[in-house]
Amino acid sequence: MSEYDYVVIGGGTAGSVIASRLTENPDVRVAVIEGGPSDVDREDVLTLRRWMGLLGGELDYDYPTTEQPRGNSHIRHSRARVLGGCSSHNTLISFKPLPSDWDEWEQAGAKGWGAVQMEAYYARLLNNIVAVDEADRNAIARDFVDAAQAALGVPRIEGFNKKPFDEGVGFFDLAYHPENNKRSSASVAYLHPFLDRPNLDIWLETWAHKLEFDGSRVKGVHVRTKEGEEVLVKAKCEVLLCAGAVDSPRLLMHSGVGPKADLEKLGIPVVHDLPGVGENLLDHPESVIVWETNGPIPENSAMDSDAGLFVRRDPEHQGPDLMFHFYQVPFTDNPERLGYERPEHGVSMTPNIPKPKSRGRIYLTSADPEVKPALDFRYFTDEDDYDGRTLVDGIKIAREIAKTEPLANWLKREVCPGPDITGDDELSEYARKVAHTVYHPAGTCRMGAVDDELAVVDPELRIRGLDGIRIADASVFPTMPAVNPMIGVLMVGEKAAELLRGDA
Ligand SMILES: Cc1cc2nc3c(=O)[nH]c(=O)nc-3n(C[C@H](O)[C@H](O)[C@H](O)COP(=O)(O)OP(=O)(O)OC[C@H]3O[C@@H](n4cnc5c(N)ncnc54)[C@H](O)[C@@H]3O)c2cc1C
């Protein structure tokens, strides 16, 4: 059987939600085309605290970045190749996007996606979203929370999703089951309970490589199965593209949908000139400051980065303008390239830019669909150097916290950048060169108003100028939420399912 009502390309974070919701109706037949294997019974995937072990492994598409003259050219972008997508690999930090994040989308032309309308989709989420369990709260993370509160005067937050905030420090909400540290990923929450639905077919280890058109209507998708068979999987109603912020624009461009001149240069026949495909590449860049501790720290944790801090430096700013994860490990992977050494015991604070101003781009370098696309984030290229300056402020604030009790008592010395690096230029140079990603690429098929020619999808997630296809994943984000994006992606999935059911 290779004809369905709906074909969902990508059984990842958003794709799992959509497939689950559509198949609640037993008369609707759905195929999910998923490049990776199942996560069922895979302890390496399902155990949240093992997330670092998946980085760069067999379940990671592992995309390199292009040369970043002002940033770190060595960043590898992990993207999960497994059912549940990145929600099967990530740290499951769960933030409902702030009202100002949704309202910014609406102002960017995403009519109907404002904070008031979006609230209902959060209430529908099936994931088990809970605060880091008491048993997982490490003593040093607790002392980080107390020290940040004392040093900066920010409120302590218990339950970041209870109400909107501009500033605050506390333990995160996570989508997990504290009793056994198991994930409550999109696949666990939305697919595992329903795998026996006769109207749901999940094509695992099957790669979608080209859309099939009839004029401007998308009829289906050409896939290569695990056995190497080429199949055209047809959709009677619609195709849903949910391959994520890297692979959704990649598949479109290989199918002839994208910036005309770029496609022609590579000899890809142009089906539909859509200049916005691959543009507006967003991320949350982050730097790192590492301390050696006086000795080993306790073992308990949910996933080694359980607490965080939000700061608003500019009182006029909508929402926080600086964020920190607190890592209970010395995260020196990038500083080591500059000659720093990993201490045996240590912790890290990571200044993160909630609303970065730099914008990047994804593009193809070959007509061969096997060749990975180029990811040029153009990190720290914004005109006023807002992004670079934010990291410098972050290092200074992190140092204030480190000097404050009860955290100060744990710390032996600052390893990197080290106490001798104090000038803004030196701090900026260090912060940018060791910057890493927290794996939040988004925005590359951005949603916008119906008459916005650079938008890729309209507010109903339909691709401009095509029929029979919508996109629903992190690629449709018009702008980056100030908070970690996974819950926003799940909510995009819930809203997409509702739009589809409404139309049906
Ligand atoms: C290591 C890591 C840590 C993170 N931590 C957090 C966090 O703590 N909190 C947070 O909010 N966010 C976090 N994120 C980001 C968050 O997980 C992502 O933004 C979100 O999951 C993206 O969802 P998506 O549906 O857009 O794509 P994905 O979840 O990546 O889904 C895409 C799916 O499509 C499949 N696919 C792609 N191309 C094809 C193709 N051509 N054919 C068939 N299948 C295909 C993939 O295998 C994948 O399953 C993290 C991400 C990573 C990688």
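In helix 4, M118, Y121, Y122 and R124 meet M491, E494 and K495 of helix 11; two residues are in contact if their C-beta atoms, placed from the backbone, lie within 7 Å. By class, this contact has 4 nonpolar, no polar and 3 charged residues. Ala, Val, Leu, Ile, Met, Phe, Trp, Tyr, Cys and Pro count as nonpolar, Asp, Glu, Lys and Arg as charged, and the others, Gly among them, as polar.

This is a predicted model, in which local features need pLDDT of at least 70, side-chain atom pairs count only at pLDDT 80 or more, and totals for chains, interfaces and linings use all residues. Residues are numbered from 1 along each chain as its sequence is written.

The table gives the geometry of both pairs. Axes are lines fitted to C-alpha atoms, for helices over the stretch in contact, and angles run from 0 to 180 degrees between N-to-C directions. Helices (H or I, at least four residues) and strands (E, at least two) are DSSP runs, numbered from the N terminus.

| Helix pair | Axis distance | Angle |
|---|---|---|
| Helix 4 and helix 11 | within 9 Å | roughly 100° |
| Helix 9 and helix 10 | 9 Å | about 105° |

Helix 9 and helix 10 are therefore roughly perpendicular (65 to 115 degrees). Helix 9 brings G388, L391, V392 and I395 to the contact, and helix 10 brings D424, L427, S428, A431 and R432.

Around the ligand stand 39 residues, of which G10, G12, G85, N90 and M486 come nearest; near means a C-beta atom, placed from the backbone, within 6 Å. Helix 7 supplies the largest share of this shell, 4 residues.

Notes:
Angles under 35 degrees count as roughly parallel, over 145 as roughly antiparallel, 65 to 115 as roughly perpendicular and the rest as oblique.
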